[in-house]
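Subject: Structure handover

Dear colleague,

Here is the structure I said I would pass on.

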Amino acid sequence: MTPAFSSQHDDVDVLAGAIYTWCAERNIKLRSQQGLSIASIAIDLYHAGHQTQDDLLTALHEREFH
């Protein structure tokens, strides 16, 4: 049971780190609509195979946001 918990914890750390970094770089509040949108996109990218913080940030940087 512990490995599954650790894996989930690692997943959350990767996602949170990427989202916090992305928002901080752009001075976006995490609880704003834009912050929530980025979180949703980051989760989708994570499920698409971008499973490290650096990989997620690269994928987010490659997308164009309006």
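Predicted model: local features only at pLDDT ≥ 70, side-chain atom pairs only at ≥ 80, totals over all residues.

Residues are numbered from 1 along each chain as its sequence is written, and side-chain values use heavy atoms, with hydrogens and water left out.

Overall fold. The protein chain has three helices and zero strands, in the order α-α-α along the sequence. Helices (H or I, at least four residues) and strands (E, at least two) are DSSP runs numbered from the N terminus. Of the 66 residues in the chain, 29% are buried; buried means under 20% relative accessible area, exposed over 50%, and partly exposed in between, with a 1.4 Å probe and protein chains only. The accessible surface of the chain is about 4800 Å², and 53% of it belongs to carbon and sulfur atoms (Shrake-Rupley method, 1.4 Å probe; for residues, only the protein chains shown count as cover). Among contacts (heavy atoms within 4.5 Å) with a separation of 6 or more, 52% join residues 24 or more positions apart.

Core. The largest nonpolar core holds 17 residues, and W22, L45 and L56 have the most contacts inside it. Such a core is a set of buried Ala, Val, Leu, Ile, Met, Phe, Trp, Tyr and Cys residues joined through side-chain atoms within 4.5 Å. Two or more residues come from each of α1 (2–26), α2 (33–47) and α3 (53–62). Beyond its neighbours within four places in sequence, L56 is in contact with V14, L15, A18, A42, L45, Y46 and H50.

Charged residues. The whole structure has one salt bridge, meaning a side-chain nitrogen of Lys or Arg within 4 Å of a carboxyl oxygen of Asp or Glu. E25 forms a salt bridge with R26, with the closest N and O atoms 2.8 Å apart. E25 is partly exposed at 45% relative accessible area, and R26 is partly exposed at 34%. The charged end of R26 also sits over the ring of W22, 3.3 Å from its centre; the rule asks for NZ of Lys or CZ of Arg within 6 Å of the ring centre and within 35 degrees of the ring normal.

D10 lies in helix α1 and is partly exposed, at 44%. D10 and T52 are 42 residues apart in sequence, with their C-alpha atoms 9.6 Å apart.

Regards
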